[in-house]
Amino acid sequence: MKKIFYLFLLMMNLTVLAQHPLTRIDPAQLNFTDIPLTPKSTNFKVTLGCGTRNDYNSHAALLYFKADYNLNLLFEIIGQNNFKNYSIIVWKVNDLNGNGQPDEMFISNTTINALRSVYSDHVVKGLNENSLDECEYFSDFGTTDGRVKNLEVNMGEYVVIAIQASLGHTNVSQMFDLNLKIAEERMINKFNYLCAGSPYAYNLIYDEIVTDSGLSDIKLFSD
C-alpha cells in the first residue's frame, strides 16, 4: 500500500506543476515594470469565436488580482525595446475553492476559454473602451491596433492577465510593462425624482459626486 500511496502523491505533484505559476499584483499600484516571462507549463485557450488557435509560445507570465469593487477593466501592456511578437490573454473567474487564487481557470494542462485575446503584432496591446472586438489576430487578417474591448468585472471576481511569447537564448530576458486603468463603478440614486429629459444643474451633479466619492478633483464628461 505504501508504494501505491507514494505513487499517488507523485501524480498529485505532477498535476500541480503542470499549472503555470500565478503572480498576485496589487491593482492599487496601477503601474508595473520589468515583468519577466518564465517557461510555460500550460496551454492557454483563446477567446471563443476566435478560432481554435493552438499557441506555441515558450514563455509566459500570469498576473492576477481580486476585484474589491465592481470595476471596468482597461490596461496596456508594453513590450520593452519595441518588442511586439507576443500575445495577451485575459480571464475572470470566481474563487470557488476559497484558497485566494484563481485556480478555477486551469483544466488539467490547459485553461478555460479566455474572455479577451490579442495576437496581433503591436508593441502596445491591451483593453480599450473604444474597441468592439473580443479577440484580435495577426495583422495580415485585416486592420488591427492591438486593442480589444474592455471587461466588466464584479466585486469578488479574479482577473488573470497572461503575457506570452516565444523566447530564445537571444531574448529570453525580454521584459514587459503593465499599466492598469481601472475605475470603480458607482450609482447615485439621489436624482431619481427627475423624469427622462428633465433639466438638471451641473453643480448639483458635481457636488453629489464629490460627496459620494470623498474626492475634490472631479471632472465630468458626457457622451
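R116 is buried, as its relative accessibility is 7%; buried denotes under 20% relative accessible area, exposed over 50%, and partly exposed the range in between, with a 1.4 Å probe and protein chains only. The structure is a predicted model, in which local features need pLDDT of at least 70 and side-chain atom pairs count only at pLDDT 80 or more, while totals for chains, interfaces and linings use all residues. Residues are numbered from 1 along each chain as its sequence is written, and side-chain values use heavy atoms, with hydrogens and water left out.

R116 forms a salt bridge with E134, with 3.9 Å between the closest N and O atoms. R116 lies in strand β9 (residues 116–118) and E134 in the loop between β10 and β11 (135–136), so the pair ties together parts 18 residues apart in sequence. Helices (H or I, at least four residues) and strands (E, at least two) are DSSP runs, numbered from the N terminus. A salt bridge is taken as a side-chain nitrogen of Lys or Arg within 4 Å of a carboxyl oxygen of Asp or Glu. E134 is partly exposed, with a relative accessible area of 37%.

Four salt bridges are found in a search of the whole structure. In one of them, the side chains of R147 and E76 meet at 3.1 Å, N to O. This pair links distant parts of the chain, with R147 in strand β12 (residues 147–149) and E76 in strand β5, 71 residues apart. R147 is buried, its relative accessible area being 18%. E76 and R147 are also linked with K181 in a network of salt bridges.

A salt bridge also joins E157 and K92, whose closest N and O atoms are 3.7 Å apart. Here too the pair links distant parts of the chain: E157 is in the loop between β13 (151–153) and β14 (158–165), K92 is in strand β6, and the two are 65 residues apart. E157 is buried at a relative accessible area of 11%, whereas K92 is partly exposed at 25%.

K125, in strand β10 (residues 124–128), is buried yet has no salt bridge. The nearest side chain of opposite charge, D121, is 5.7 Å away; Lys and Arg count as positive and Asp and Glu as negative, with His and the chain ends not counted. A polar atom of the K125 side chain lies 2.6 Å from the backbone oxygen of H122, and a polar atom of this side chain lies 3.1 Å from the backbone oxygen of Y86. Leaving aside residues up to four places away in sequence, K125 touches F75, E76, I77, K84, Y86, I88, V118, S120 and G146, where contact means heavy atoms within 4.5 Å.

Backbone geometry was also examined. Most residues other than glycine have a negative phi. L30, in the loop between β1 (22–24) and β2 (31–35), has a positive phi near 70°. The relative accessibility of L30 is 33%, so the residue counts as partly exposed. N81 likewise has a positive phi, near 60°, and is found in the loop between β5 (71–79) and β6 (86–93). N81 is exposed, with a relative accessible area of 73%.

Methods: Polar contact = N/O pair within 3.5 Å; in protein donor to acceptor, adjacent residues only side chain to side chain.
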